[in-house]
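User: I am new to reading protein models, and I would like to understand the words used for them. Could you take me through some of the terms with this one?

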Amino acid sequence: MKTVRLWMTAVVLALCGVCQTAQAADIDYRHLEPLKLKTPEMVPGLKCGEMTMDYRTRRSISTLTIPASASTGMEKYRLTWMRTNPGVEPYKVMDDLTFVGVPLFVAGIIAKSEKKSFRQNDGSKHVLLTDFKTRIDDYTQFFGPAMTVGLKVGGVEGRSDWGRLLASAGMSYAIMAGFVNGIKYTAKEMRPDGSSANSWPSGHTATSFVGATILHKEYGMTRSPWYSVAGYGVATATGVMRVLNNRHWVSDVLSGAGIGIMSGELAYALSDVIFKGKGLLRNDISGERSIIDHPSFFSISMGIGMGSRDMDFDMTNFEFPDDENKAFNLKFGASTVVGAEGAYFFNKYFGVGGRLRVYSSPIKGWDGIENYAWVSLVENLQNDGTLPETDYEAMLYGTEAAPYPLIDIENSKFFTIQSDHLTEFSADLGVYFNYPISNRFALGSKLLVGRSIMQEINLQASVTGYQRDISYDIVGDDLVIAGVIPLNVPYTTEWDYFTVGGNNTMKVGTGLSLTYAYKDNFAWKVFLDYDFSKKTYTMEYNPGEYFIDAIGLREIFNEAANEGFDMALSETQRIKKNRHTFVFGGSFVISF
């Protein structure tokens, strides 16, 4: 188009010159020849700077040069390997290491003693199993690297160019894999579900925290702290899901998190030594305010909770085979605790804020339920002498003449527990205190008031068998069975065999913390919190629900219940306890 405009301009100027000459010379136009224009030959092509592309031959005619003014918009889409932006300073190795993974790993070792508080699946017929299962943690462990690569591909510059990023990430995962597998196959810790002896430390958690550290280094420290919050938040959730899935102990998750953070920090320190200033695109966000002197913050935390540890339920109203066992004892194990917390400070000493926290407390002692066996109601009848032993055996196991047992042991599902963790949710508000002790460290405290909400746990039973027609008489207060006739009609009963829960209550809490600000906008915090609440725990024990179907009285029981009669075969016990909870853990903190 430029060539065409030049030609047209020349033609117009020529015409103007001809006209002026003709006027000056008083030329007679009747004798002039018509003016003929010759159109130049135009070749389709693209010219940018010094390059022209001939689209007929698809061959480049000259070299591409892009003006500096035009390169700005395309720069972020240019694929480079070890580019270094002007003005980016090399990182100092020791200033970039926090060593926060070390106390997390040690905390995992300390928590190993709490494994005895967990139920473990030994594969027997009557072991309590959990139906809680999610595979989300198989995918969330890769959130960090997926987010980092996605931002990089999208043209968002982080700390490193592609070459340095891939080298740092590769070393991070290599160091993590060496630590995790070296310990796993040396310690040979059995998993909670009994599937394999490679539980400690958690590989999923370590992988997730490596990815979170990469995202934190690349974008959290150079772009926005909220990238770091997202990475470490998803990593924490991954660790919790590994515990709830009964794939790992609390100690496995804590040590895995420590290894993941340590591996990422060591790898980036090695990159700083190897590459120095090469391949760096951005430095850390310039800190306008120190988190020590301006302590308004948001944090995510993970820790281990300990406190009130046992519940003894009186079972004297039931006549069990073992007359000496009149109490049913449940014990709390160490809790997995995760939370989010934030506060706004009016000055460097005083602020207001709040906290959301989830406690997941395993309970041991479930195997004691088998002392009050699933045949307890029938056993009571036998022990009372109301059911002859021969009829009892026939009812349970069948006979050669009538091989249809009341309870089909081979096909009954028996016990299934949806979760063997008592889950508590809490929300708190209150005042926060901060006392700087240096330009890097500060002591903190708080006084909170909140609400505790507890989710009950249910032990479900399922019994399959064949119905009996039972003739009985009521003699005084006693049930006397006169005869048993097999009906050979199959039945299946599913019900809540055992339920434990706590009421929703108010709670108060306090705590002490030590904050280490390794950057102006970032800090790690170690804390010890204490919470107090008054709880009423309720246990409902219902061993004989199957018997209603076994003797074909379900419709009668339902009708009586609809009429207002109490037909429950269960026993309810309540215990009032003062709940004292101590939580020791660590937090990732950002300032705002």
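Analyst: What follows sets values from this model against the definitions of the terms. The model is predicted, with residues numbered from 1 along each chain as its sequence is written. Local features need pLDDT of at least 70 and side-chain atom pairs count only at pLDDT 80 or more, while totals for chains, interfaces and linings use all residues, and side-chain values use heavy atoms, with hydrogens and water left out.

User: Why is serine 301 called buried?

Analyst: Buried means under 20% relative accessible area, whereas exposed means over 50% and partly exposed lies in between, using a 1.4 Å probe and protein chains only. Serine 301 has a relative accessible area of 10%, and is therefore buried. This serine 301 lies in strand S5, and, leaving aside residues up to four places away in sequence, serine 301 touches Thr236, Val337, Val338, Gly339, Phe527, Gly586 and Ser587, where contact means heavy atoms within 4.5 Å.

User: How do you know that S5 pairs with S17, and in which sense do they run?

Analyst: Strands (E, at least two residues) and helices (H or I, at least four) are DSSP runs numbered from the N terminus, and two strands pair if DSSP finds at least two bridges between them. Strand S5 (residues 297–307) and strand S17 (residues 571–591) are joined by 11 bridges and run antiparallel, and one of the S17 partners is phenylalanine 588, which bridges to isoleucine 300. S17 also pairs with strand S16 (residues 522–541) in the antiparallel sense, over 20 bridges, and there leucine 528 has phenylalanine 584 as its bridge partner.

User: Why are H7 and H9 called oblique to each other?

Analyst: Angles under 35 degrees count as roughly parallel, over 145 as roughly antiparallel, 65 to 115 as roughly perpendicular, and the rest as oblique. H7 and H9 pack at an angle of about 40 degrees, with their axes 7 Å apart, and are therefore oblique. The residues in contact include Phe209 and Ile214 of H7, and Gly260 and Tyr268 of H9. Axes here are lines fitted to C-alpha atoms over the stretch in contact, and angles run from 0 to 180 degrees between N-to-C directions.
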